[in-house]
Each structure stands twice: as structure tokens, then as C-alpha cells.
Amino acid sequence: MEYTRHIPIVRCALPVSREFSAVSAPPITIATASITQLWPPRPAALLLLALSLPLLLLPIPPALLLLLLLLLSLLTLSLPPLLPLLRPAPPPSPPTPALPFGRMRFRPQLFWQELLPQHVADASLQFHADLSSGKTYARLPSDTTYAADGALAAAAAVALPAVDEREHDFDAVSLALRAAAAWGDARRLTQLLCSCHCGVAHLAGALHEAAARGEAECVRRLLAAGARAEERRGGRTALHAACEAAGEEAAALLLAACPALAGERDERGRTPLELAVERDHAPLARRLRAWARQVEAEAPSGGESAQAVRGSSTVNGAVASG
């Protein structure tokens, strides 16, 4: 129900024609209209009147009085714009509240995605509740249905370039990715890559976890998502972790992504080949030697990586006897 405020209208008793104009109107009508526009007076006009009355009572020449009134008029006209500058500054807006510990911002896509208990989603999204499974799904508003395991989903499972490590949910996303990689759950890993704001820095811990457990499929998906194979954690690379765990397929994926990893040394000065021999992983060591021979064939002079893989005579003898 709408309420209308009724404003009383004061009618003029003077006859006014339909074609009212400033030329045909009586002088008394124009004067009355001008007075009504100036009333009630503005604060600047009241200030000018209050400052002018004392001047009229003083014995001042007319020319000087006119000049003072003009200066007072300019002062009163310029004073209102300066009033906001004299007011105190408003208090700063409160900072954006941080997410509770363990919560992650939901990253919506055009296809339906499951809302995990850790997700915090925006209310403007489309939601769907599956009563049979008890799961809730969300997506961007759209009239088109896209497959959750199609090409669009595969293209979305990549790291975002503009994610800051200081984001409130950085630790939560990193822990979730590491847990999925540690369990070898490639499906959950892809789900997190699509539904969370993952940056390249989020993937380093998950890549080392997957390599340390020989989870080749998780290593493959993390490398495809943009994980840097050369990034170190704890003084060693992911290839060191794969060689220590005898993850032959995971090591092959890491070497294919970054061949220079074969020459990297850990905090104790060991190459991946030396670590594989030390752990008595002869098949993996032979594969590293085969990769070194391939590098030598492509570059006869031999690079730093090939020289490090060839290693010392003790390592070569251990691999040959294996």
C-alpha cells in the first residue's frame, strides 16, 4: 500500500492567463515569484545579512561600504564549498572479515560442481540439491547445461595466475590439495582445482606429496594444471621424492616436464640417480641412466644435467651391477 504526502498549494488571487510569460505578466506577479524563490533564505544569505548590518551602522563612505559588501558576498559564496573540507574525515571502513579457519572460497563454473562442507559460495549462484545423495551443487547462472566431466571442466582444472598467497583461504586450499594428492584421489584433486581459487603456489606441496607416494595420475594432473616441477620443498625437488619412493612413472613425468631436474642436488648434495641407487631402486636408476644417454646423444658436449646423471664411478658401477 502506497502513501502519498499531500502538500498544500497557495493559490495566487491575481488573474493569470494560460500563455503566461515574463513579458505579459504584471510586475507584481514577477516580484512575488522572485521573493518566493528566495524564501526561506539560505545559510549563506543569512550570514551575509548578519555581517552587513554592523557595517551599515558605521560612518563609512558609500564607495568603501559597497566594496566591503562585495567582499562579504564573495566570502559567503565561497564559504559553503569549503565547509566539507573543515569537517572531520569519516572513519575508515572496516576491513573485509577473514574466512573462518578451514573455509575455502567457491570458484563457480558454467557446469555444476559439488559444494564441499569447506566451501563458502555466493548467494547469486544457481543451486541444486540432490535429495538422493544429500549433496548440493552450484554453478554460474546459465540456461545451457554443460557436462561436469567434459572439455570445459578439463580446461577449468588449471591454476589461476592472479591468486595472492596472502589470501585468507591459502592454507585451507593448500591442505586440501595435499590431502587429495597424498591419498592418490585424482578425482578429488581435479574437483578442487576447478572449484577453488588455486594459484601456482598452491600446487607445490601437492606435487611433492604425490611424487613421494608414487601417485603418477596425480602428478600428471598437477603438472597439467601448471605446477612447477623444479620448485623445491625442504631442500629437494619432487624428482628426489619420486626416486626415494621408487615412483618410476611419476619420475618419468617429472623428467619429461623438466629435464634439468636430473642434475639437481638435495640438501645433502645427492642427485636423483644417487638417491635411487642409495635406496636400491635399480630399475629407476637404469631409467635415469637411459635418459642421460639420450641427452648425450642430443648434445655431444653434455650438459650439466647429463653430467650429474652420469655421476661418479661408484654410482655407475652400482647401476651396472643392478
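The following legends describe an overview and several close-up views of a predicted model.

**Figure 1. Overall content of the predicted protein model.** The protein contains 14 helices and five strands. Of its 322 residues, 32% count as buried.

**Figure 2. Packing of helix α6 against helix α8.** Helix α6 spans residues 186-195, and helix α8 spans residues 216-225. Their axes are 9 Å apart and form an angle of about 15°. Because angles under 35 degrees count as roughly parallel, α6 is described as roughly parallel to α8. The crossing of α6 past α8 is right-handed.

**Figure 3. Residues in the contact between α6 and α8.** Helix α6 contributes Ala186, Arg187, Leu189, Thr190 and Leu193. From helix α8 come Glu217, Cys218, Arg221, Leu222 and Ala225. By class, the residues of this contact comprise six nonpolar, one polar and three charged.

**Figure 4. Close-up of Cys218, a residue of α8 in the contact with α6.** Cys218 has a relative accessibility of 1%. Buried means under 20% relative accessible area, and therefore Cys218 counts as buried.

Figure 5. The structure holds zero disulfides.

Notes:
Residues numbered from 1 in each chain as written. Predicted model: local features only at pLDDT ≥ 70, side-chain atom pairs only at ≥ 80, totals over all residues. Heavy atoms only, no water. Axes fitted to C-alpha atoms, helices over the stretch in contact; angles between N-to-C directions. Helix = DSSP H or I, 4+ residues; strand = E, 2+ residues; numbered from the N terminus. Parallel < 35°, antiparallel > 145°, perpendicular 65-115°, else oblique. Left-handed = near helix turned anticlockwise from the far one by under 90°. Contact = heavy atoms within 4.5 Å. Nonpolar A, V, L, I, M, F, W, Y, C, P; charged D, E, K, R; others polar. Disulfide = S-S within 2.5 Å. Buried < 20%, exposed > 50% of the residue type's maximum accessible area, 1.4 Å probe, protein only.
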